[in-house]
Amino acid sequence: MLPSMIKRQTPSRAMVYLSPLLALALTLVAGILLFLIMGVSPAAALHAFFIEPVSTFYGLTELGVKASPLILIGVALSLGFRAGVWNIGAEGQLIMGGLCGGAVALFFYEKTGFYIIPLILIAGVSGGMMWASIVAFLRTHFNANEILTSLMLSYVAGLFLNLMVHGPLKDPEGYNFPESRLFSESALLPTMFEGSRLHIGFLIALIVVVVGWVLISRTLLGYQIKVMGDAPAAGEHAGFSRSKIIWITLILSGGIAGLAGVIEVSGPIGQLLPTISPGYGFTAIIVAYVGRLHPVGVLFAALLLALTYLGGEEAQISLNLPVAVTGVFQGLLLFFLLASDVLIHYRVSFNNKQMVAS
Amino acid sequence: MEILIPALLTIITAATPLLFAALGELVTEKSGVLNLGIEGMMVMGAIIGFVTVHYTGSATLAILASLMAGALMSAIFAVLVLQFHASQVPTGLALTIFGIGLSALLGQSMIGIAYEGLPIISIPLLSSIPVVGELLFKHDILVFLSILMVFAVMWFLYRSRAGLILRAVGDSHDAAHAMGYSVIKIRFLAILFGGAMAGVGGAYLSLAYSPLWVEQMTAGRGWIALALVVFATWRPGRVLLGAYLFGGITILQLHAQALGIGIPSQVMSMLPYLATVVVLVIISSDQARIKLNSPASLGKAFHPSR
């Protein structure tokens, strides 16, 4: 008797929340197998990956540092994904945000003033918005697929940042290294605890979670976003504008991704480098899905994915494991999640009679 | 002539991986499935091919291994999308993220190792024709194979019965299902073909185009291949045209520097990505044309119970 899949009458709400946990469990099992193949003790590896990084207060603050951009972009992307707007170029919007914010920070080099940090943040948001608005414009005016344009523009943004730190923004006293000056004190985000790198960007990320939650579940715009994603035809009959939703979700997600970028450069990095993100823009796609495209879920998912970054670094130091293991874990997690999600709409049956009845 | 022949030859090498990947995706999309994981399958093809040639020394085995690697990667996608009813867009993205991660892991010990490149096959007599011979009849096996595949795919899609069924599945899976064709099985095979072709395209990168292993060496070519399918409005012949056009743009960056044009290398490297955007805009703005040519069931989930 083979198990069969039977469509549920209504989607299971419980499975919506259980599926990420099931996916996590399956990822851990796959991880254990992977470590065995690589000849590493699974117990030691899992300890290094998931426990060691958060066993100290400093480790927990580092988790917040890594989670901040993931929370921000995760919330941003989930708004778009809800509406069926596939912005997968958040990495590029992050880079442009970081670049614009960083340029402002360098412009105010060695100046002091309370106004500098707000200006930097505004520049970052604007940079991300500007980059995403290209995607929105091409989508609404020329029908160009936003998946491909946003992704192509990510490569362009990466090269543009590279060009800038090799050229105009290069540190004049930096022995020709492709790096900017270190930002002066008044251009750096204040940290929250003595001796840690956790900066107020984490608080900003938490605020964005709350704002995102209110937006999606308590406002007309949030309702329009959900309708346009679930039933575009119904939305159009109700008079919702498809173009408007595309513009709003892209501008919002671009702006927030830009904010994430500027928080990175004036937070933990403190200067402009040729690379300012280990792929947060792409990891945030996983964050958005694991978080069930819901701002509060995204918060937890971002902490989990941030842990895989920290764990990857820890495993590299203590067990000499390649950092690339992190990417494998992240990919596996999304695979298992997508597979587990089948249980939201289907249930497994071992009774063959029912299959015929359905 | 002295610059022209090497320039044209580089166009061919730059176009070949795109051609493989885009042809594969074309067949997958013709069956109604959008696989966004080409980048991941290509990069896996690249590393598996390189590892195989490093340990066995056999280019043939390496190409076959890449083909298998691409097909295996696409099988994950196929199972998730067809059996688990996962949505195609995120599943494709997951495939890319996973492929980039896994290839980096497998390639740890391959960094810094070089390979002499695929052997060049000169077709007797024909290759000794001046200029034309060198351009058309002196290449590695994969270049010849890529051109052959264009015609094979053309023949399959428009001249064979199986191709007709595949297009029927892509245009209306419900009608095809009602006629008794197994939509799931046909799509599975189309996805596997797409994966195998992407794998071979990846192999071309690590075995011929720049015969060594660099993390993420596909550098967005999988995504450009996706754009090429749209550019070609789902026609194999135009995929060939598009791939060579993009090959031309890619090599501009190599030769602009040689000619001493004072444009920063980063700007030149942006060209293929910017060109992709421009091409998409031009093709997509004609909505009627896209609608007319794209498989009608593209990206839609199929539930046989309905």
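This is a predicted model: local features need pLDDT of at least 70, side-chain atom pairs count only at pLDDT 80 or more; totals for chains, interfaces and linings use all residues.

Me: Which residues do ring pairs link into a cluster with Phe35(A)?
Reply: Phe35(A) pairs with Phe329(A) at 5.8 Å centre to centre. The centres of Phe35(A) and Phe49(A) lie 6.1 Å apart. Ring pairs link Phe35(A) into a cluster with Phe49(A), Phe50(A) and Phe329(A).

Me: Is the pair of Phe35(A) and Phe49(A) stacked, edge-to-face or tilted?
Reply: Planes under 30 degrees apart count as stacked, over 60 as edge-to-face and the rest as tilted. The planes of Phe35(A) and Phe49(A) stand at 45°, so the pair is tilted.

Me: How many residues apart in sequence are the parts that Phe35(A) and Phe329(A) tie together?
Reply: The pair is edge-to-face, with 65° between the planes. Phe35(A) lies in helix α1 and Phe329(A) in helix α13 of chain A, so the parts tied together are apart in sequence by 294 residues.

Me: Is Phe329(A) buried or exposed?
Reply: Buried means under 20% relative accessible area. Phe329(A) has a relative accessible area of 3%, so Phe329(A) is buried.

Me: What radius of gyration does chain A have, against the globule rule?
Reply: Chain A has 15 helices and two strands. The globule rule gives 21 Å for 358 residues, and chain A comes close to that, so it is as compact as a globular protein of that length. The radius of gyration of chain A is 22 Å.

Notes. Residues are numbered from 1 along each chain as its sequence is written. Chains are lettered from A and ligands numbered from 1 in the order in which they are written. Side-chain values use heavy atoms; hydrogens and water are left out. Helices (H or I, at least four residues) and strands (E, at least two) are DSSP runs, numbered from the N terminus. The radius of gyration is taken over C-alpha atoms; the globule rule is 2.2 Å times the number of residues to the power 0.38. Rings of Phe, Tyr and Trp (its six-membered ring) pair if their centres lie within 6.5 Å; planes under 30 degrees apart count as stacked, over 60 as edge-to-face and the rest as tilted. Buried means under 20% relative accessible area, exposed over 50%, partly exposed in between (1.4 Å probe, protein chains only).
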